[in-house]
Amino acid sequence: RPLESMRLPVERVDITIPPPPSKLSVAKATPEALAKGQAALLKAAGLTGGSAAWTAIKSIATESSETLHMAGQSMSMTGTTQWRLPDRILAIRKLPMGEIKQGCDGTTGWMAAMGQLQEQPKAVASLKEEYERSFIRLFGEPGTYRVQMLAEPKVVEGVSYAVAVVTSQTIKDWMLYFAPDGQLARMEYVGEGMGGAPAHMVEIYGDWKSVGAVKWPHSTRTLADDKPVIESTVTSVTLNPTLADELFKKPTQ
């Protein structure tokens with residue numbers, strides 16, 4: 001029953017973990033910096049198929065082999081993701097100890113694992129962030145982003161990258177790293193770490209291969225606060241599969 005039925009004072013407390021303070025120190029955007037940032041994003045979109053090709057994608061299904069790094073241990077697993085853009089997703093990971101399913105039907109998020117079914121209240125907001133960062137939106141609608149090119153490149157592991165900051169109401173401290181050939185090679189932002197707390201996330205992309213009319217990275221490394229989290233190798237990508245509503249609904253107990 002509702003707590004109020006006890007006829008005692010009830011105080012609701014927000015226990016959301018606030019994001020860490022921004023570490024970005026960026027000069028005021030000039031028209032030139034914004035033009036360079038937009039041009040870099042447009043070039044990256046063109047190298048991977050062009051905006052029209054990305055806009056045509058309404059759903060996607062991927063399969064991958066992954067290595068999870070956690071608490072000093074590494075674990076192999078396989079993953080499948082079926083995503084009907086923008087807000088319906090089903091992700092399944094098969095681990096040595098069992099299967100984990102996570103889904104969102106547009107209004108409700110859930111997770112089923114080890115015989116337990118749990119609601120995931122933050123799933124809708126998390127999926128909104130993932131869509132904002134996705135190649136499908138980033139390359140499909142590059143003109144909707146405010147992208148400011150930084151004055152100086154950044155050298156990472158011996159490679160000099162042109163770096164741009166993306167202004168977003170959804171993603172904090174979002175930066176795009178463009179390789180010398182113009183390809184999007186790396187992305188940094190504040191997101192949810194392994195324990196649920198905000199963390200400085202890094203995604204590193206490689207092995208771009210043609211899938212239909214676009215190119216998709218088949219290798220991704222993800223770090224949280226400079227520590228490896230997941231290494232993923234994509235084994236299959238299907239564009240625009242038919243994904244029915246029932247696929248994303250929360251299972252019955």
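## A first tour

Methionine 6 counts as exposed because its relative accessibility is 53% (exposed means over 50%, buried under 20%, partly exposed in between, with a 1.4 Å probe and protein chains only). This is a predicted model, where local features need pLDDT of at least 70, side-chain atom pairs count only at pLDDT 80 or more, and totals for chains, interfaces and linings use all residues. Residues are numbered from 1 along each chain as its sequence is written, and side-chain values use heavy atoms, leaving out hydrogens and water.

Methionine 6 sits in the segment before α1 (31-47); helices here are DSSP runs of H or I with at least four residues, strands are runs of E with at least two, and both are numbered from the N terminus.

Now for α1 itself. Its buried residues are Ala33, Gly37, Gln38, Ala40, Leu41, Ala44 and Ala45. They cover an arc of only 155° around the axis, so they lie on the same side of α1 (the arc is taken from the directions from the helix axis to the C-beta atoms). Turned away from that buried side is a face with the exposed residues Pro31 and Glu32.

Next come the strands, which count as paired if DSSP finds at least two bridges between them.

| Strands | Direction | Bridges |
|---|---|---|
| β1 (residues 59-70) and β2 (residues 73-84) | antiparallel | 12 bridges |
| β2 and β3 (residues 88-95) | antiparallel | seven bridges |

Serine 59 has arginine 84 in β2 as its bridge partner, while glycine 79 stands opposite arginine 93 in β3. The hairpin of β1 and β2 has two residues between the strands, and alanine 71 takes a positive phi near 55° there. In the β2 and β3 hairpin, three residues lie between the strands.
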